[in-house]
Amino acid sequence: MSPPRLAALAVVLLAFVAYGNSVFHGFVYDDDMTVTGCALIQSWGNAGAIFSGRYFTETIEMSWRPVCTVTYFADHWLFGDVAFGYHLSSVAWHALASLALFGLLRALTGGVWGAFAGAGLFAVHPLTSEAVNAISFREDILAALFAVLCVHLSARAGQGGARPWLLIAGACLALLAAGLSKE
């Protein structure tokens with residue numbers, strides 16, 4: 001396996017080693033109200049409510065976070081009201097954010113091991129524990145993931161290449177997704 005792939009795999013593994021134990025926990029903090037107590041996410045037929053006033057009357061949300069809410073819809077569809085699945089999803093989102101940071105740092109520095117050190121630190125840092133362990137804080141992970149992707153795609157577009165407009169469009173979509181993940 002090439003050093004960049006090995007380092008990327010190690011970043012993902014670090015995220016799962018650091019936070020994998022959370023998959024065996026139940027719902028914490030506001031998770032009961034955000035997940036099991038939220039009738040809105042229990043049917044894809046309610047997905048249109050994300051774009052209506054029902055979003056605020058049928059959830060405990062006080063701000064509009066449609067990207068995060070869509071992940072709750074998907075988790076409920078896959079796992080029902082089983083906390084294990086929601087926690088596994090949160091750890092996977094964190095691992096993706098860590099991997100995206102690895103890609104950004106590698107693109108900015110050109111080095112594999114420095115990028116691994118930075119992304120590895122992010123993957124295991126205790127400041128991310130609340131966002132990973134509490135399902136109702138997932139918007140922090142998603143906003144970080146999409147913000148990092150936006151910067152990464154913007155940096156790659158600035159380097160030139162065959163289709164910079166495609167990278168710029170991707171960066172704009174990532175920025176939109178970050179903003180719709182957390183206000």
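**View 1. Largest pocket of the predicted model.** About 150 Å³ of space lies in the largest pocket; on a 1 Å grid over the protein atoms alone, a pocket is an open set of points with protein on both sides within 12 Å along at least five of seven lines, and a cavity is a set where a 1.4 Å probe fits but cannot get out. Its lining (residues with an atom within 4 Å of a point) consists of Asp30, Thr34, Ile60, Glu61, Met62, Ser63, Arg65, Ser136, Phe137 and Glu139. Four of these lining residues are charged, three polar and three nonpolar.

**View 2. Largest cavity.** One cavity of 30 Å³ or more is counted, and the largest cavity has a volume of about 50 Å³. Helix 2 (31–36) and helix 4 (66–79) each give two or more residues to the lining. Met33, Thr34, Cys38, Ile41, Thr59, Ile60, Glu61, Thr69 and Tyr72 line this cavity; five are nonpolar, three polar and one charged.

**View 3. Nonpolar surface patch.** Met1, Leu6, Leu9, Leu13 and Trp113 together expose about 560 Å² of accessible area (patch residues have over 30% relative accessible area and no salt bridge, with nonpolar side chains joined within 5 Å). Helix 1 (residues 3–19) gives the largest share, three residues, and Leu6 lies in this helix.

**View 4. Helix 5 and its end.** Helix 5 (residues 83–109; a DSSP run of H or I, at least four residues) has 27 residues and reaches 39 Å from first to last C-alpha, close to the 39 Å expected at 1.5 Å a residue. Glycine 110 follows helix 5, with a positive phi near 80 degrees.

**Notes.** Residues are numbered from 1 along each chain as its sequence is written. In this predicted model, local features need pLDDT of at least 70 and side-chain atom pairs count only at pLDDT 80 or more, while totals for chains, interfaces and linings use all residues; side-chain values use heavy atoms, without hydrogens and water.

Definitions and conventions
The expected span of a helix is 1.5 Å times one less than its number of residues. Grid points are joined across faces, edges and corners, and a volume is the space filled by probe spheres set on the points. Ala, Val, Leu, Ile, Met, Phe, Trp, Tyr, Cys and Pro count as nonpolar, Asp, Glu, Lys and Arg as charged, and the others, Gly among them, as polar. Patches are made of residues with over 30% relative accessible area and no salt bridge: like charges are joined within 9 Å, nonpolar side chains (Val, Leu, Ile, Met, Phe, Trp, Tyr) within 5 Å. Accessible areas come from the Shrake-Rupley method with a 1.4 Å probe; for residues, only the protein chains shown count as cover. A salt bridge is a side-chain nitrogen of Lys or Arg within 4 Å of a carboxyl oxygen of Asp or Glu.
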